[in-house]
Amino acid sequence: MPLVTMSRRRAGGIIAALAVFVIALALQDVLRSDVSAIRHWISHLSLGPWGGVNIAGLLLTGAAAAALVRPVRVATPSRWPAVMVAVAATGLVLAAAFVSDAPPGTRYAEEATWHGQLHDLGGGLTFLGLFGTCLATRRLATPPWGVVFAVIVALGFVTASAMAAASFAVNGPALPSGIAERVALLAGLAWLAFLAHRLSKGVDR
């Protein structure tokens with residue numbers, strides 16, 4: 001008999017929280033003129049007077065990921081899948097708690113700060129955790145798709161990082177690193193939502 005590790009209500013809450021973040025992100029990308037969805041990363045939406053909206057969204061997403069840790073641990077004989085989910089949740093909370101430094105091309109002052117460094121640590125943990133989650137939990141859902149989503153997360157993040165570094169190094173026109181980062185994060189969050197749904201339906205151990 002398939003093992004159900006999460007109630008449908010809890011799974012629905014996690015999926016709803018992730019959906020709220022995605023909707024809020026889309027609205028910010030459309031309505032805010034101080035940050036470009038093409039050139040700037042999601043974290044940069046935490047800057048400015050409306051930054052609290054993005055901070056709240058990241059915290060909500062981190063809480064949603066954290067709510068998956070125990071169900072994943074119960075569903076798997078290995079501890080690593082749950083560890084990867086916990087890493088992603090921790091990264092999201094850190095990214096929310098410590099605001100990113102301003103990138104080139106915004107109205108905000110460019111400076112390196114301690115909270116910006118902690119934010120970058122949180123961002124790295126987020127993508128590492130999402131990549132590891134897609135791979136480690138693939139057998140709880142649809143194995144081939146777990147690999148596909150892991151590749152999208154990794155390629156999106158690496159591509160975004162490379163483009164951002166290149167633009168900064170040569171002080172040239174900003175490349176569309178914001179698009180690549182959004183693809184990577186949204187792929188990871190989509191997998192978390194799918195995983196929550198799957199765990200509420202039951203998995204074979």
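The largest pocket has 37 lining residues, and Trp41, His44, Pro103, Asp120 and Ala164 are the ones nearest its centre. This is a predicted model, where local features need pLDDT of at least 70, side-chain atom pairs need 80 or more, and totals for chains, interfaces and linings use all residues. Residues are numbered from 1 along each chain as its sequence is written, and side-chain values use heavy atoms, without hydrogens and water.

A pocket here is an open set of points on a 1 Å grid over the protein atoms alone, where a 1.4 Å probe fits, with protein on both sides within 12 Å along at least five of seven lines; lining residues have an atom within 4 Å of a point.

Of the lining residues, 18 are nonpolar, 13 polar and 6 charged. By this count Ala, Val, Leu, Ile, Met, Phe, Trp, Tyr, Cys and Pro are nonpolar, Asp, Glu, Lys and Arg charged, and the others, Gly among them, polar.

Now threonine 113. Buried or exposed? Threonine 113 counts as buried, at 14% relative accessibility (buried is under 20% relative accessible area, with a 1.4 Å probe and protein chains only). Its side chain makes a polar contact with the side chain of aspartate 101 at 2.4 Å (N or O atoms within 3.5 Å, one able to donate a hydrogen and the other to accept it; residues adjacent in sequence count only if both atoms are side-chain atoms). A polar atom of that threonine 113 side chain also lies 3.0 Å from the backbone nitrogen of glycine 116.

Last, arginine 32. Arginine 32 is buried too, at 11%, and its side chain reaches the backbone oxygen of leucine 45 at 2.5 Å.

Definitions and conventions
Buried < 20%, exposed > 50% of the residue type's maximum accessible area, 1.4 Å probe, protein only.
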